[in-house]
Amino acid sequence: MGDAENGRKIFAKICATCHTVEKGGRNKVGPNLFGIVGKTTGSHPTFSYSEGMKNKGATWNESNLDEYLEKPKKFIPGGKMVFPGLKKSVERKDVIAYLETLK
């Protein structure tokens, strides 16, 4: 388990450019991520996902979030996310711990 507070800081620096996390928050370049853990990939009702994301059919959990955050284009070939990924495992775990608090 990661450090959610550090994950919040990393999210604010890196992810908040394209994503919001407030309940009922708007989409930006990427979808709002409130409550993302436990949801199916490509399922936010008001966001236009790539076909790869819509068709992945995975449920976001610690394991696949870690894989996605490390190399988004490998996890979802043809996905829209331009961010190359978080290389440091500890940073990924911290961001995931933060996302898990958003319920």
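How many positive and how many negative side chains does the chain have, and how far apart do the centres of the two sets lie? The chain has 18 positive and 11 negative side chains, and the two centres are 6 Å apart. Keep in mind that this is a predicted model.

Now the fold. The chain holds five helices and zero strands, so the order of elements from the N terminus is simply α-α-α-α-α.

On overall dimensions, the C-alpha atoms fill a box of roughly 30 × 30 × 25 Å along the principal axes. The radius of gyration is 12 Å, which agrees with the value near 13 Å that a compact globule of 103 residues would have.

Next, packing and surface. Of the 103 residues, 41% count as buried. The accessible surface comes to about 5,900 Å², and carbon and sulfur atoms account for 55% of that. If you take contacts between residues at least 6 apart in sequence, 38% of them join residues at least 24 apart.

Is Val 95 buried or exposed? Val 95 counts as buried because its relative accessible area is 1%, against a cut-off of under 20%. Leaving out residues up to four places away in sequence, Val 95 touches Gly 7, Ile 10, Phe 11, Leu 69 and Leu 86. For a distance along that part of the chain, take Asn 6: Asn 6 and Val 95 are 89 residues apart along the chain, yet their C-alpha atoms are separated by 7.5 Å.

How values were computed:
Residues numbered from 1 in each chain as written. Predicted model: local features only at pLDDT ≥ 70, side-chain atom pairs only at ≥ 80, totals over all residues. Heavy atoms only, no water. Helix = DSSP H or I, 4+ residues; strand = E, 2+ residues; numbered from the N terminus. Rg over C-alpha atoms; globule rule 2.2 N^0.38 Å. Buried < 20%, exposed > 50% of the residue type's maximum accessible area, 1.4 Å probe, protein only. Contact = heavy atoms within 4.5 Å. Areas by Shrake-Rupley, 256 points an atom, 1.4 Å probe, with all protein chains shown as cover. Lys, Arg positive; Asp, Glu negative; His and termini not counted. Charge placed at Lys NZ, Arg CZ, Asp CG, Glu CD.
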